[in-house]
Amino acid sequence: MSGLAKFAGELKVKVVKVEGFAEKSGFFVKITLGKEKQKTSTKNDAGGSATFNEELTFTKAAEDKVLHVEVLDSDTMSNDALGDVDVDLSATGNAWYETKHRGQASGKVFLAFEKGAPTPAPSSSRPPVSAAPPKAETPSVKGLDLNALAQQKRALKLEVMVVSAHHIPKTDMFGKCDPFVRLEYAGMVYETQVI
């Protein structure tokens, strides 16, 4: 899977297996992405290799470009480093990644990647949609540039829910009104049912 460097959202990293390490009583894998750190369970009496098949889920920001992977020996006094590797997310895929310890090859770890839900664009940059349209104005969606949305190259789904309307003037000759909402978007006109 390539193209993870620009992706922002949920990133699932599956630690499948480690092998080629000096025999240790137990070890685990710790992964750092940005400021977020997670680790697998410890595999005791695993020898020099172990199968984890554990999925770690991170919230990846667009600026997170490197995944730091460490294989550590689990000791009661301290966790000793066995090897580490920086995975470049611009050219990454489901593969073996060679680790080094003190400049020497120390083993390898197999990682699998899966994109989850993307992070939605920040909504703070747009003004809020007004709840009630001003008097004597055609009802419309305020604060959104619908034409700009229509011209974007990717498909978007815009859902508008009319919740309520207040202070509607009585406009017909019997002193009633027959309210409905009209929405014009990308050259098309949508109207709700008359209430």
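## Salt bridges and strand pairing

Glu-70 is found in strand β6, which spans residues 66–74. The model is a predicted one. Glu-70 is buried, its relative accessible area being 18%, because the limit for that class is under 20%. Leaving aside residues up to four places away in sequence, Glu-70 touches Phe-28, Val-29, Lys-30, Gly-83 and Asp-84.

One of these contacts, Lys-30, also forms a salt bridge with Glu-70. Lys-30 lies in strand β2 (residues 24–33) and Glu-70 in strand β6, so the pair ties together parts that are 40 residues apart in sequence. Lys-30 is partly exposed, with a relative accessible area of 24%.

The count of salt bridges comes to four; the table gives some of them.

| Salt bridge | Closest N and O atoms |
|---|---|
| Lys-17 and Glu-19 | 3.8 Å |
| Lys-108 and Glu-19 | 3.6 Å |
| Lys-30 and Glu-70 | 3.7 Å |

Lys-17, Glu-19 and Lys-108 are linked in a network of salt bridges. Partly exposed positions are Glu-19 at 23% relative accessibility, Lys-17 at 28% and Lys-108 at 24%.

Strand β1 (residues 9–19) runs antiparallel to β5, and nine bridges join the two. Lys-14 has Glu-55 in β5 as its bridge partner.

Key: Residues are numbered from 1 along each chain as its sequence is written. This is a predicted model: local features need pLDDT of at least 70, side-chain atom pairs count only at pLDDT 80 or more; totals for chains, interfaces and linings use all residues. Side-chain values use heavy atoms; hydrogens and water are left out. Helices (H or I, at least four residues) and strands (E, at least two) are DSSP runs, numbered from the N terminus. Buried means under 20% relative accessible area, exposed over 50%, partly exposed in between (1.4 Å probe, protein chains only). Contact means heavy atoms within 4.5 Å. Two strands pair if DSSP finds at least two bridges between them. A salt bridge is a side-chain nitrogen of Lys or Arg within 4 Å of a carboxyl oxygen of Asp or Glu.
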